[in-house]
Amino acid sequence: MILTIARQELRALFLSPLAWVILAVVQALLGYIFLSQVENYIVNQGQLAAITGTPGITRFVVAPWFGNVAFVLFLVVPMLTMRLISEERRSGTIALLYSAPISMTEIILGKYLGIVVFLGIMVSMLALMPLSLFLGGSIDIGLLAACLLGLTLLVASFAALGLFMSCLTAQPVVAAVSTFGLLLMLWVVDWGGTASTGDVSNYLSYLSLLRHYEPLLKGVFDSSDVVYYVLFISLFLGLSIRHLSRKRLQP
Amino acid sequence: MTTTALVRVVNLVRDYGTLRAVDDLSFTVNKGEVLGLLGPNGAGKSTTLRLLSGSLAPTAGTIWINEFNLFTQPILAKAQLGYLPDRPPLYGELTVDEYLQFCASVNRIPRSQRRKAVDFVKERCGLTKVGKRLLSQLSKGYQQRVGIAQAVVHMPALVILDEPTVGLDPIQIKEIRTLIRELGGEHSVILSSHILPEVQTICDRVQILNRGKLAFSDTVSQLQQASDFLNVAFRNPPSREALESISGITRADYRRPNRVRLLIEPGTDAAEQLVQTAVNKDWRLYELTPESVSLEQVFFDIVSGDTGEAFAARPEHGEGLS
């Protein structure tokens with residue numbers, strides 16, 4: 001049942017021009033950034049080679065590029081998630097799911113799976129860029145894998161938050177804006193942590209989505225970072241299910 | 001509460017903020033019965049149907065469908081029902097075939113039987129020719145049919161239709177009514193409408209809601225027997241007393257000096273008596289029309305809450321209420 005809803009969600013995405021446009025724009029934009037970083041590396045290659053112990057191309061090009069990817073997807077994911085539930089509520093098609101013998105959990109997980117598969121397609125297309133460096137040399141596979149894992153977890157968290165926001169309102173745009181707002185808040189929450197010292201700001205900065213992404217970009221795999229993302233996703237999926245059930249009590 | 005009751009609604013209440021949309025409603029629907037819900041706008045028809053479909057949770061009360069509680073055993077209960085909301089829940093970007101396949105699978109029809117179920121329901125709802133068309137490009141009538149197809153694709157015991165003929169042309173209305181009549185018998189059908197003749201032609205039983213309360217409930221066949229009218233016209237009109245003295249005529253209302261509306265006792269030969277008397281006394285009767293649309297009468301009585309005024313303010317035949 002979850003798969004049925006996920007498949008329907010993916011089909012709806014690919015039948016609308018939005019998904020294609022987003023894939024194309026993201027690919028073109030990040031392709032350009034990637035190329036300019038590779039060029040930057042090639043220009044400085046001579047100098048870098050003269051110093052011993054300098055970072056290789058993976059650390060020099062790929063890891064910073066994944067930082068850019070995270071930022072671009074931060075802008076893109078809310079646009080994809082905004083219509084998940086709110087569009088169904090606005091057009092009344094949610095009644096079909098409500099009156100069918102499926103649980104709220106299945107609806108939410110199905111919708112989430114659908115969007116995560118779409119984001120997975122996007123991430124694997126982006127992964128082709130660093131992999132293309134194999135054509136001209138060798139790269140650090142371990143670091144690349146850590147980066148990809150981090151990116152996947154990060155966008156999956158974006159999607160979980162976006163899905164929850166989409167449950168809250170029947171207006172897709174409102175869902176997108178509130179997702180942006182909350183994501184940005186979670187993005188910058190560690191700025192306070194770096195400016196001052198103290199327990200509160202430490203806890204605050206621990207909440208930052210980015211803070212758990214950066215270690216993975218350095219190739220540091222800390223299971224607490226992964227657990228953070230898993231908890232983040234479960235929290236918002238749980239809230240979505242709860243909200244969808246409660247929604248039937250309201251007008 | 002007989003053993004054949006498919007749906008049991010017990011003390012159902014639903015509030016929207018401070019507004020009580022459904023107020024302590026209880027009724028049952030038997031297997032194979034077509035039940036019509038009538039009521040003026042805002043009477044709580046759609047809310048009742050949304051509650052029955054499980055898209056809305058009640059403030060208090062319970063609904064049993066086939067002995068499953070809709071709110072504590074939602075999956076089992078919802079497997080027994082199909083629902084067409086007032087706006088058909090269509091995904092405009094899908095074709096009719098894709099959409100019905102999706103509906104079949106969310107209603108847990110096994111993969112191997114989906115094709116067959118979809119073909120059958122398309123045949124039944126007259127959608128065979130439009131299978132490859134996009135839902136957003138279908139006419140309103142076809143969209144409505146897809147909406148009904150969606151509600152019956154899994155052969156539920158209970159079909160809930162919210163104003164199924166609204167916005168259709170007369171031919172489509174006729175087709176949809178035939179379809180609903182066909183559905184009754186195998187399925188129980190609950191439909192809401194504000195078109196009185198429609199309810200009278202397709203339903204077995206009628207319930208009238210007013211301000212969220214059940215104001216009236218009776219079978220259509222009984223309603224039709226309940227009272228009869230004769231509209232008569234004379235060139236040489238007699239007095240009221242003369243008319244009311246004829247056996248079987250209980251009341252005479254003068255519409256115009258020569259036109260009278262007679263309330264007759266059901267099952268008597270009042271019409272015959274009248275004609276006989278008219279000939280004998282040279283009243284020159286030239287028009288006699290029987291009339292038995294008593295549902296409107298009941299409806300107006302309930303909604304206006306004033307019998308005498310409603311009787312005088314009856315609209316012409318077949319006029320819808322909005």
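Begin with strand β4 (residues 60-65) of chain B, which two bridges join to β5(B) in an antiparallel arrangement; strands (E, at least two residues) and helices (H or I, at least four residues) are DSSP runs, numbered from the N terminus. This is a predicted model, in which local features need pLDDT of at least 70, side-chain atom pairs count only at pLDDT 80 or more, and totals for chains, interfaces and linings use all residues. Residues are numbered from 1 along each chain as its sequence is written, chains are lettered from A in the order in which they are written, and side-chain values use heavy atoms, without hydrogens and water.

Select B:Trp64 next: B:Asn69 in β5(B) stands opposite. The surrounding open sheet has four strands with antiparallel pairing, in the order β2-β1-β4-β5 (chain B); two strands pair if DSSP finds at least two bridges between them.

Move to the open sheet of six strands in chain B, ordered β6-β7-β8-β3-β9-β10 with mixed pairing. Its edge strands are β6 (81-84) and β10 (213-219) of chain B, each pairing on one side only. Within this sheet, β7 (residues 158-162) and β8 (residues 188-193) of chain B run parallel, joined by five bridges. Here B:Leu158 faces B:Ser188 in β8(B).

Finally, turn to chain A and select A:Leu3, located in helix α1 (residues 2-15) of chain A. A:Leu3 counts as exposed because its relative accessibility is 56%, where exposed means over 50%, buried under 20% and partly exposed in between (1.4 Å probe, protein chains only).
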